[in-house]
Amino acid sequence: MIRVKRLFSNYIFTRIVRAILTIFIVATLTFFIVRLMPGNPVEIYIGQLISQYGMSFQDAKNQAAALFSINLDAPLYEQYLYYMRNLLRGDFGMSFLSQGTPVSTMITAYLPWTIFSVGISILISFSLGIILGMIAAYRRGGLFDHIISTIAAILSAIPNYLIGILLLIIIGVQLGLIPVSAMRGTVSPGVTPGFNLEFIKDIFSHALLPILTYVVSTVGGWTLSMKSSTLNTLGEDYVTVAKARGLSEMRITFSYVGRNALLPLFTSLTMQMGFLMGGSALIESIFVYKGIGWALGASIAQRDYPVMQAVFLIITIAVIVANFIADLFYSKLDPRIKVGGE
Amino acid sequence: MSKRFLAGLISIILVVTLTPLAFAAGEFHGAWPYSPPPVGHYNTYATNNISLGMYWDLMEQPLAMYLWADAKWMPLLATKWSLNRNTNTFRVFLRKGVKWQDGKTFTAKDVVTTFYLGYLYNWAVWRYVDKVTPVDDYTVDFHMGNPAAPMVIERYILRTEIRSDAVYGKYASQVIGLLGQGKTNESEEMKKLRAEFDQFRPEKIVGTGPFILDPKNLTESEATLTKFNGYWDAEKIKFDTIKVYNGETPVVTPLVLSKEVDYATHGFPPATEKQFVQLGIRIIRPPIYSGPAIYFNHNIYPFNIKEVRQAIAYAVKKEENAFVSLGDSAKRQIYMTGLSDNLVPQWISQPVLKRLNKYDYNPDLAAKILTNLGFKKGPDGIWVTDKGTKMEYELLVPAEYADWSAAAENAAEQLTKFGIKTTVRGITYSQFPTEIYQGRFQMAINGWGAAHPHAHFSYYADLITYNYPSGMGPGMNFPLVQTTKSVGKVDLNQLTTQSAEGYDLLKQKKIVEKLALAFNELLPIVPLWERYGNNPALDGVRVTGWPKEGDPIYKNSPYADNFVTIMILNGTLKPVSK
């Protein structure tokens, strides 16, 4: 009994239990919510054939009925139990729209590209944001601060898909500086994946515009947060004491101000890392980039329930894990905080 | 610093991507949306296959393609065909000397395989045909248990893309075996086979057409088709490669603007179209044979009164509605028959045409009709029915369809001005059909007509698809047995079915005329305009040879028998460099 009590009072154990419970609730909610969405894959397919191709209803209905070997008429609880049973075995099921394609195959095909592009973007924009934010804070009230803060506020207010479209239209179409068609996608036709210069160069050139879009659309937020956090830290007593002690400006900036100002941003960064699993349906669609966001967008549009469920679940798990990691590492970054009240 | 950064960035971009700027000689660039692997695959029977829409005919070729203006077929894998009315058999003679892209010889077996696998997928042809038999290596008989109009059966048979027996034969023979045992596609065995076949994933498409799609040349961004030198009519094909860019309108637009696409069938908004024209890109406007109409919920009074629907038709200036919705790519319905004005000359005689009401804009007449019904205009300018209810309605529209949304807004504005207060409610396109099927609407903007040369399909779309006989719900609930002034008592459901039955085309035309007159009088729906494509065609950059505007080839429906595909096959389109 005491052992059980001790186990439940163990911070890591309770966090794991809570995480599993959250995942279960999200999986359940996702299952029912996606089915509450109006229209099912068959109806949507019929509608598309009629409205887009002028196909007769009879032909469209025949084609749709035959193409979808899915039973949407089974009782919901049966479908749910079947889904949960498979999920416990780590099986996300098969795509409705591409019979015979396991959802896990789709995830493994799409997810690396999103992690690659969004991961690099977050690292770049976070690094750039903290540097610009710190400089702005140190030069508060000056020209640099005004310019950077204004640009950062503007950029963080513009939706990322709009920045993507603007980049494409201005740099690609109006100025003609980049070949729009050649930069679409994740990799050029004929380029064999592998650890070689040609492949690495190719994937970076394809990811350039999505990365640029993510960076431009998020760097403003990081800059403003870092500026605000740095300003707060600069007013702390320990910084004044450090100055009074005659420590070098460099040491105060990095060891006293920078490190402490970064702490609040660290939580946001880990959350962002979690959300990166979801990618961005709009950005990936604009650049025809085969990431998980693109797959999610397509699956929502066509009501491919298994794919939608799997992607939502992966995002949830990623956010939970990222939070968990953040909690664990926070104590390392800030010795004042102890995990589980140790 | 920022200048240096920008310059550096641009330099990097240019260095890493300069090579793909050049395009190979003899290249045609098109665009079509597709799903790349692992979702996309090469089983051209199953959903999400990578058949590339209009470019599919260049890989897996059909028996023939249709020239709509001439009402004639262009033979491809078939050389001729005939219908034996005594034995109810449609016989197709196949082209000799045709090779598949894997080197095998094309024979009747391939045709048989194609259609029996189609049985597994409830292909419409099997509503009429009950047996497909090879007579010899180059002759196939289609026996009809339920004889259909030649135009209908021809279309179902000749327009089908023929698949390779070497690729699909294993499954087709299982279908034939099960049919031999008396199993239908409702049987468990057949369903099991279909589920198994759905998961069949050939390594690539093997066709008889002039272009090969090597999976290595396909990414999520583009698919490159290369010329098949063993094609039976190879000397007519002037292009070495065809590049098909993946994507829907928003992602294809920048490619068209940067002149990297020679032709696209996507629906571009009028503002984008203007930009294309400013850049010197030509716009081709082929008829789509369908468009938006005002649908009524006939359960709601007074939409069940034909005079009210007629008044609404008079109260809307259809030319204006067409122009604000899609610019020059929308043309008002002239004859208001429920059939495309482009198909009217083939189906309706001059004397009948003269009897049709064009419903030209006439708000005074509309007001007179309503007044005669006992309706009155209230002090707020809104009509009140004889039962005392105000004429205030909601007009439902799929929000994502920009042209239909514009049509809805304009129609609502015009109707409100006339005194029928109309409010537009946009709902997501995926929910829209369900709302209509379930009859959860008052008025709605929905499609009329169909891209099929036989009038039967248009009337099916107008009268049945969103009406109670479809079995999907009450729909608009328009009673199909009606008494008319023009043609007396009619059963529109029966007439629609009869319009495609039997071999007598003249008899079918008489039925279609009856349907046209009844539709014109009853107006179960009010067609607003017919949609025409606004297909950008880039002349002189990579491709040349586009026929002038008005050429009959442009009467072809771009989604059914695309004229560009035909012009690539017959050598009309060619590279600028050759």
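How many bridges join strand β8 (residues 211-218) of chain B to strand β9 (residues 222-227) of chain B? Four, and the two strands run antiparallel. Residues are numbered from 1 along each chain as its sequence is written, while chains are lettered from A and ligands numbered from 1 in the order in which they are written.

**Stop 1: a hairpin and its neighbour**

β8(B) and β9(B) make a hairpin, with three residues between them. (Strands here are DSSP runs of E, at least two residues, and helices are runs of H or I, at least four residues, numbered from the N terminus; two strands pair if DSSP finds at least two bridges between them.) Click B:Ile212 and look for its bridge partner in β9(B), which is B:Thr226.

**Stop 2: a four-stranded sheet**

Move to the open sheet with the order β4-β5-β7-β6 in chain B, where four strands pair antiparallel. Its edge strands are β4 (78-84) and β6 (129-136) of chain B, and each pairs on one side only. From one strand to the next, the twist averages 20°. (Angles run from 0 to 180 degrees between N-to-C directions, and axes are lines fitted to C-alpha atoms, for helices over the stretch in contact.)

Zoom in on strand β5 (residues 89-94) and strand β7 (residues 139-144) of chain B, an antiparallel pair with five bridges. B:Thr89 stands opposite B:His143 in β7(B). Then show helix α2 (residues 108-120) of chain B: this helix packs on the sheet and touches β5, β6 and β7 of chain B, and its direction makes about 170° with that of β6(B). (Contact means that the C-beta atoms of two residues, placed from the backbone, lie within 7 Å.)

**Stop 3: a five-stranded sheet**

Next, select the strands of another open sheet, ordered β17-β16-β18-β12-β21 in chain B, with mixed pairing. At the edges stand β17 (421-427) and β21 (525-527) of chain B, each with a single partner strand, so one side of each has no neighbour in the sheet. Neighbouring strands are turned by 35° against each other on average, direction ignored.

Which way do strand β12 (residues 290-296) of chain B and β21(B) run? They run antiparallel, joined by three bridges. Highlight B:Ile294 there, and you'll find B:Val526 as its bridge partner in β21(B).

Now bring in the helices. Helix α13 (residues 402-418) of chain B lies across β12, β16 (392-398), β17 and β18 (443-449) of chain B, at about 165° to β17(B). Helix α15 (residues 455-465) of chain B lies across β18 and β21 of chain B, at about 165° to β18(B).

**Stop 4: two helices crossing**

Select 306-315 and 363-372 in chain B. These are helix α8 and helix α12, whose axes come within 8 Å and cross at roughly 160°. That makes α8(B) roughly antiparallel to α12(B) (the term covers angles over 145 degrees). Show some side chains: the contact residues include B:Glu307 and B:Tyr314 of α8(B), and B:Pro363 and B:Ile369 of α12(B).

**Stop 5**

Click B:Pro37 and B:Pro38, which are joined by a cis peptide bond with omega of about 10°. B:Pro38 is in the loop between β1 (27-31) and β2 (64-67) of chain B. Another cis bond runs from B:Tyr301 to B:Pro302, with omega near 10°, and B:Pro302 is in the loop between β12 and α8 of chain B.

Head on to B:Asn477, which is not a glycine but has a positive phi of about 55°. B:Asn477 lies in the loop between α15 and β19 of chain B.

**Last stop: chain A**

The chain A average is 83, and 87% of the residues score at least 70. Within chain A, confidence is lowest in helix α4 (residues 57-67), at a mean of 64, and highest in helix α7 (residues 143-157), at 93. Where pLDDT is low, the predicted coordinates should not be read in detail.

Conventions: This is a predicted model: local features need pLDDT of at least 70, side-chain atom pairs count only at pLDDT 80 or more; totals for chains, interfaces and linings use all residues. Angles under 35 degrees count as roughly parallel, over 145 as roughly antiparallel, 65 to 115 as roughly perpendicular and the rest as oblique. pLDDT is the predictor's confidence in each residue, from 0 to 100.
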